Amino acid sequence: MNRREFVAAMAVAGAAICKPAIAQSAWPAKGRTIRVVVPWPPGAANDALGRLVAQRLQEKFGVAAIVENRTGGSGLIGTKNVIDAAPDGYTFLASAFNTAVMPLVLKSADFNPETDLEVIARTGIAPLVCVMTADRPQKTVSEVVSAAKADAGKWNFAISATGSAGHLATIDFLQRTGATIPMVAYRGTQPALLDVMAGAVQLLIDTSFALIPAAKDGTKARALGVAAAKRSILAPDIPTMAEAGLPGFEFSSWYAVWAPKGTPGEIKNTVHDLIQETMRDPAVVSSLTSTLLEPVTETVDQTKAFISSEIVRAKKLLASVNFQPE
C-alpha cells in the first residue's frame, strides 16, 4: 500500500465516525484554532494518524483543528516547536517512536521526552518485519544465520535510519544470533527496501505496512518473521520471530500524541479520552488494520511506562554498539 492509499484509508475512517459538534466550553474557545504539529512530511503513518486526531478534535468541539507539517532536523524542528509552545491546549505533537529516542540519536536534541512533553496517548503500532532479498536460497532465520556465519562477507543488513526502531531491532537480532553482519545506513525505508529487492543488500527489518506488501508474493523480497507476539491477521503465513527461533523478539514502530509541558490536566484527559474513543471505533480499527497498523487503547500511566521501557531498551542497545549521537 502506497502513501496515497494509506492517507485515503485514514480519511475514510475519519468520515465514518463524523459526529455533531458539542456545545462550547472554556476549552476550546470559539474562534481559536488547534494545531496538531507533525514533524515529518505528509503521507507517512504519523501524518495520517495526526490528521485523524485533528479531524476528531474538529468534529467533537466544532473548532478549527489543522495539521502543520514542520519538517527538518530528523523530526527535531517540529518537536521543539511544540515544546516551546504555550501549554494552553491549542498545540499538540503527533509523532512516533523517534520522539522518545531523539536525544539518544541527535546531539542537537537537548530535551527530555519524559519531562519536557506531556504524553496524551499512543494511537497505533506497526510491528516490525524482517525481510530478505529473494535472490538467495535461504527461507528461514536459522538458514540465514547459518549462511551469514559461514560467509559474513556475502551479507549486509540495511538500516532505514540510524536510531530507528529497525536499527535497534537489527542490533538485537545480531546480538541474539551471534551473527556478524555489517549494517548499511540509508535515508528512509524506501531506498533501503529497493536495494533489498535489487539484491544490493540482503536483509532489512522495518515496519510491517512498508515491507509486507513488497514481500507478499516472495518474488522480490521474502518475509522471514514478524517481530510481534502473534502473527498478523493480514499476513498469517509469516511466522513470528519467536516461532523463527528468537523468543521475545518484539519490536514495533509506534505513534503517539504529546502536548507542551504544563498543559492543564483537564484538557489532557479530554483529548486522551477522545483518542481512546477514536481508536475503539470499528471504522478506525478496520482502516488501521487494513494498512497493517494496530490501534492502541491504554491509560496514560500505561503509555508513560511503555515509553520509559522503550527509552531504557534503546539506550542499552545503542550503548552496546558504542553508538554516538550525530
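In this predicted model, the second largest cavity has a volume of about 40 Å³. Its lining is made up of Asn46, Leu49, Gly50, Val53, Ala94, Ser95, Thr123, Tyr255, Ala256 and Val257. Helix H2 (residues 45–61) provides the largest share of that lining, four residues. At least two residues each come from H2, S3 and S9. Sorted by class, six of the lining residues of the second largest cavity are nonpolar and four are polar, with no charged residue present.

The structure holds two cavities of 30 Å³ or more, and the largest cavity contains about 50 Å³ of space. Phe97, Ala165, Leu168, Phe251, Ser252, Glu310, Arg313 and Ala314 line the largest cavity. Here H11 contributes the most, with three residues, and both helix H6 (165–177) and H11 supply at least two. The class count for the lining of the largest cavity is five nonpolar, one polar and two charged residues. In general terms, rolling a probe the size of a water molecule over the atoms shows where empty space is left.

Nine of the nine residues of S9 (residues 252–260) are buried, so the strand is largely enclosed by the rest of the structure. Strand S3 (residues 91–96) pairs with S9 in the antiparallel sense over four bridges. Strand S4 (residues 117–133) also pairs with S9 in the antiparallel sense, over nine bridges. Tyr255 in S9 takes part in both pairings: Ala96 stands opposite Tyr255, and Tyr255 is the bridge partner of Gly124. Tyr255 is also one of the residues lining the second largest cavity.

The nonpolar interior comes next. As a general rule, nonpolar side chains in soluble globular proteins tend to be buried together. The largest nonpolar core has 55 residues, of which Leu57 and Phe92 touch the most other members. Helix H2 gives the most to this core, with seven residues. Beyond its neighbours within four places in sequence, Leu57 is in contact with Ile34, Val36, Gly62, Ala65, Val271 and Leu274. A second, separate core of 52 residues includes Val82, Ile125, Leu174 and Phe251.

Where does the structure have open space? The second largest pocket has a volume of about 510 Å³. Its lining consists of 26 residues, and those closest to the centre are Ile125, Pro127, Ala228, Lys230 and Glu294. S4, strand S10 (294–295) and helix H11 (300–320) are the elements that give two or more residues to this lining. By class, the lining of the second largest pocket comprises 15 nonpolar, four polar and seven charged residues. Ile125, among the residues closest to the pocket centre, is also a member of the second core.

Lys30 sits in the loop between helix H1 (3–16) and strand S1 (33–38), and is exposed, with a relative accessible area of 76%. Lys30 and Met132 are 102 residues apart in sequence, and their C-alpha atoms are 53 Å apart in space. Pro182 lies in the loop between H6 and strand S6 (183–185) and counts as partly exposed at 40% relative accessibility. Apart from its neighbours within four places in sequence, Pro182 is in contact with Ala152, Trp155, Asn156 and Phe157. Between the C-alpha atoms of Pro182 and Asn98, 84 residues apart along the chain, the separation is 23 Å.

The last topic is the backbone. Most residues other than glycine have a negative phi, and most peptide bonds are trans. The peptide bond from Trp27 to Pro28 is cis, with omega near -5°; Pro28 is in the loop between H1 and S1. Ser74 has a positive phi of about 55° although it is not a glycine. Its place is in the loop between strand S2 (64–69) and helix H3 (76–83), and Ser74 is partly exposed, with a relative accessible area of 47%. Leu292, also not a glycine, has a positive phi near 65°. Leu292 falls in the loop between helix H10 (282–290) and S10. Is Leu292 buried or exposed? At 12% relative accessibility, Leu292 counts as buried, because the cut-off for buried is under 20% relative accessible area.

How values were computed:
Residues are numbered from 1 along each chain as its sequence is written. This is a predicted model: local features need pLDDT of at least 70, side-chain atom pairs count only at pLDDT 80 or more; totals for chains, interfaces and linings use all residues. Side-chain values use heavy atoms; hydrogens and water are left out. Buried means under 20% relative accessible area, exposed over 50%, partly exposed in between (1.4 Å probe, protein chains only). Two strands pair if DSSP finds at least two bridges between them. A nonpolar core is a set of buried Ala, Val, Leu, Ile, Met, Phe, Trp, Tyr and Cys residues joined through side-chain atoms within 4.5 Å. Contact means heavy atoms within 4.5 Å. On a 1 Å grid over the protein atoms alone, a cavity is a set of points where a 1.4 Å probe fits but cannot get out, and a pocket is an open set with protein on both sides within 12 Å along at least five of seven lines; lining residues have an atom within 4 Å of a point. Grid points are joined across faces, edges and corners, and a volume is the space filled by probe spheres set on the points. Ala, Val, Leu, Ile, Met, Phe, Trp, Tyr, Cys and Pro count as nonpolar, Asp, Glu, Lys and Arg as charged, and the others, Gly among them, as polar.
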